[in-house]
Amino acid sequence: MTVIVALCADFLPLPEYDHMDWDNSAAPPGTRVEKLLTDNNGEQIYEKGLYLLGSDTMGRDIFTRLIFGTRISLTIGLVVPVIGLILGGTLGLLAGFYRGTLETAIMATMDIILAFPGIVLMLAITFYLGPGIENLVIALGILVIPAFSRVARANTLKFAQSEFVQAAKMMGQKDVYLMVFEILPNILIPMAAYALMLVGYMIMAEGVLSFLGLGVPAPIPSWGGMIADGREVLGEAPFITLLPSFIMFLTVLSFNLMGDYLRNLVDAKEGQL
């Protein structure tokens, strides 16, 4: 449902996400507004509106910003694991299949990335490339590659010496065929389960980085940025922070449950072998 809303945001009858109504800043949910405006012909008309979920400290509609912010949070939450799945999975597959010097070099590189402080990398990329969703995705993608490479390597080691792989090797199949058609299908599901679990962490990471000012620049809405916007009026208008926090909580919980379900399927399959 969240994905569908994010994709259809441009077609919904919503106001601009950066439209500011200073007369109704921090308006509580359900606030109805009515303004007397003058059109191009000089005639006065009444404009009616409803802040379904209220407005933030700048008078921007929270409901609209939640919907458009879904795009940013889900883009980061979904694209970053895909980067890790492709790059990290490939490196882990090569390391687990060939072993030896290649495995040592790949895993040493992964250890170096893991040892490098993530927040320092985020600060460096933001400083040199500037804030933006593309740079944020690149930085987070680099940080998750080692985890996927470890998952891929561990599963590759388990299947590389299996009977069906050895049988295909005795039939004269090349290494590329063995990795792509014999090993990859068996390690893809565990990696996909881990990727689903990681989606929730990436959404929370975006929220934390936006809260620290390292995320998507204003006025582009994101859940983390919306949470940060309401911290100064948390006592007077807690809904500004609590609403995006609640949406983030439900989304992260949904992806975690999907990851658990897929992981249980993997465990049940392995138990039958």
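Let's start with Leu123: this residue is partly exposed, with a relative accessible area of 45%. That value sits between the 20% and 50% cut-offs, which is why Leu123 counts as neither buried nor exposed. Keep in mind that the model is a predicted one.

Leu123 is found in helix H4, and it belongs to a nonpolar surface patch of about 610 Å². Phe116, Ile119, Val120, Val208, Phe211 and Leu212 make up the rest of the patch. H4 has the largest share, with 3 residues.

Now for the inside. The largest nonpolar core has 31 residues, and Ile76, Val80, Met122, Leu140, Ile183 and Ile187 have the most contacts within it. At least two residues of this core come from each of H2 (62–98), H4, H5 (133–160), H6 (163–170) and H7. The largest share, 10 residues, is from H5. There's another core apart from this one, with 14 residues, including Ile62, Met226, Met248 and Phe255.

| Core | Residues in core | Some members |
|---|---|---|
| Largest nonpolar core | 31 residues | Ile76, Val80, Met122 |
| Another core | 14 residues | Ile62, Met226, Met248 |

What does Val80 touch once its neighbours within four places in sequence are left aside? Val80 is in contact with Thr75, Val137, Leu140, Gly141, Val144 and Met202. Of these partners, Leu140 is also listed among the residues with the most contacts inside the largest core.

Definitions and conventions
Residues are numbered from 1 along each chain as its sequence is written. This is a predicted model: local features need pLDDT of at least 70, side-chain atom pairs count only at pLDDT 80 or more; totals for chains, interfaces and linings use all residues. Side-chain values use heavy atoms; hydrogens and water are left out. Patches are made of residues with over 30% relative accessible area and no salt bridge: like charges are joined within 9 Å, nonpolar side chains (Val, Leu, Ile, Met, Phe, Trp, Tyr) within 5 Å. Accessible areas come from the Shrake-Rupley method with a 1.4 Å probe; for residues, only the protein chains shown count as cover. A salt bridge is a side-chain nitrogen of Lys or Arg within 4 Å of a carboxyl oxygen of Asp or Glu. Helices (H or I, at least four residues) and strands (E, at least two) are DSSP runs, numbered from the N terminus. Buried means under 20% relative accessible area, exposed over 50%, partly exposed in between (1.4 Å probe, protein chains only). A nonpolar core is a set of buried Ala, Val, Leu, Ile, Met, Phe, Trp, Tyr and Cys residues joined through side-chain atoms within 4.5 Å. Contact means heavy atoms within 4.5 Å.
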